[in-house]
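User: Can you walk me through this structure? Keep it quick, and give me the cut-offs as you go.

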Amino acid sequence: MGNRGVSTLLLLFCFFFFSINLVPSALAIWLTVPTSGTKCVSEEIQHNVVVLADYVVIPSDHSQNPTIAVKVTSPYGNNLHHMENTTHGNIAFTTQEAGNYLACFWVDSHSQGGGEVNVNLDWRIGIAAKDWDSVARKEKIEGVELELRKLEGAVEAIHENLLYLKGREAEMRVVSEKTNARVAWFSIMSLGICITVSGLQLWYLKRFFQKKKLI
């Protein structure tokens with residue numbers, strides 16, 4: 001392979017890693033869950049995106065390992081995952097609607113009194129949630145071909161994300177235009193009411209002074 005081929009591959013790999021950074025696809029979080037109350041994390045995800053997550057309670061110095069309850073809900077309040085009395089688990093679903101997805105953690109009632117609980121959450125969406133090892137085995141690809149397939153997936157994810165942002169921008173523009181129109185009509189109505197009330201006051205005062213024969 002010549003220098004030109006090597007340069008092309010380097011550019012492809014650089015673009016691949018740059019593309020991955022453009023797509024918010026993976027998130028590792030260390031959560032401190034209080035003994036009383038709920039700790040929640042949320043992320044805005046578009047429609048038809050695969051979401052995978054692993055959570056595990058980090059053991060502490062206490063003699064009794066605490067257990068937690070976990071609940072994941074969709075933007076419309078649908079229950080996607082609910083577990084109680086657990087120390088670890090997996091979350092897997094495909095989004096049915098776009099919006100903020102909420103994952104909440106709290107300490108089980110029988111485990112309270114032992115202090116705060118540390119939870120490690122590994123949250124992956126989109127291209128980061130795809131099992132590339134299975135893809136490589138199934139399609140019998142490796143090396144550069146596999147990296148190119150990952151690059152293709154990253155480009156598709158970026159394209160879909162841009163279309164989603166474009167749609168959101170169009171929705172926000174429509175809402176802004178409607179709000180401006182309503183404000184304009186409200187201003188016109190307010191001005192009309194003020195002029196009408198002022199005219200009625202002048203008419204009343206004129207009638208009053210005429211009756212008193214002051215004018």
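**Working chat: rings, sulfurs and overall layout**

Analyst: Three aromatic pairs are present in the structure. Rings of Phe, Tyr and Trp (its six-membered ring) pair if their centres lie within 6.5 Å; planes under 30 degrees apart count as stacked, over 60 as edge-to-face and the rest as tilted. One of them joins tyrosine 55 and phenylalanine 105, edge-to-face, at 6.0 Å centre to centre with 75° between the planes. This pair links distant parts of the chain: tyrosine 55 sits in strand E3 (residues 50–58) and phenylalanine 105 in strand E7, 50 residues apart.

User: What kind of model is it, and how are residues numbered?

Analyst: This is a predicted model, where local features need pLDDT of at least 70, side-chain atom pairs count only at pLDDT 80 or more, and totals for chains, interfaces and linings use all residues. Residues are numbered from 1 along each chain as its sequence is written, and side-chain values use heavy atoms, with hydrogens and water left out.

User: What about phenylalanine 208 and phenylalanine 209?

Analyst: Phenylalanine 208 and phenylalanine 209 also form an edge-to-face pair, 5.7 Å centre to centre and 65° between the planes. Phenylalanine 208 is partly exposed at 36% relative accessibility. Phenylalanine 209 is partly exposed too, at 32%.

User: Switching to sulfur. How many disulfides does the structure hold?

Analyst: One. A disulfide here is a pair of cysteine sulfur atoms within 2.5 Å. Cysteine 40 and cysteine 104 make the link, with sulfur atoms 2.1 Å apart. Cysteine 40 lies in strand E2 (residues 39–45) and cysteine 104 in strand E7 (residues 99–107), 64 residues apart, so the pair links distant parts of the chain.

User: Which hand does the link of cysteine 40 and cysteine 104 have?

Analyst: Right-handed, with 110° about the S-S bond.

User: And how accessible are cysteine 40 and cysteine 104?

Analyst: Cysteine 40 is partly exposed, at 36% relative accessible area. Cysteine 104 is buried, at 12%. As for cysteine 194, that residue is partly exposed at 48%.

User: Zoom out. Which helices and strands does the chain have?

Analyst: There are three helices and eight strands. From the N terminus the order is α-β-β-β-β-β-β-β-β-α-α. Helices (H or I, at least four residues) and strands (E, at least two) are DSSP runs, numbered from the N terminus.

User: How much of the chain counts as buried?

Analyst: 28% of its 215 residues. The chain exposes about 14800 Å², and carbon and sulfur atoms supply 59% of that. Areas come from the Shrake-Rupley method with a 1.4 Å probe; for residues, only the protein chains shown count as cover.

User: What about contacts?

Analyst: Take contacts between residues at least 6 apart in sequence: 76% join residues at least 24 apart. Contact means heavy atoms within 4.5 Å. Leucine 121 lies in strand E8 (residues 117–125) and is buried at 0% relative accessibility.

User: Last one. Where is the annotated transmembrane region?

Analyst: The unreviewed UniProt entry places "transmembrane region" at residues 183–205. UniProt positions are given in the numbering used here, feature names are shortened, and annotations may be inferred rather than shown by experiment. In the model, residues 183–205 are 100% helix and 0% strand, with the end C-alpha atoms 33 Å apart.

Key. Buried < 20%, exposed > 50% of the residue type's maximum accessible area, 1.4 Å probe, protein only.
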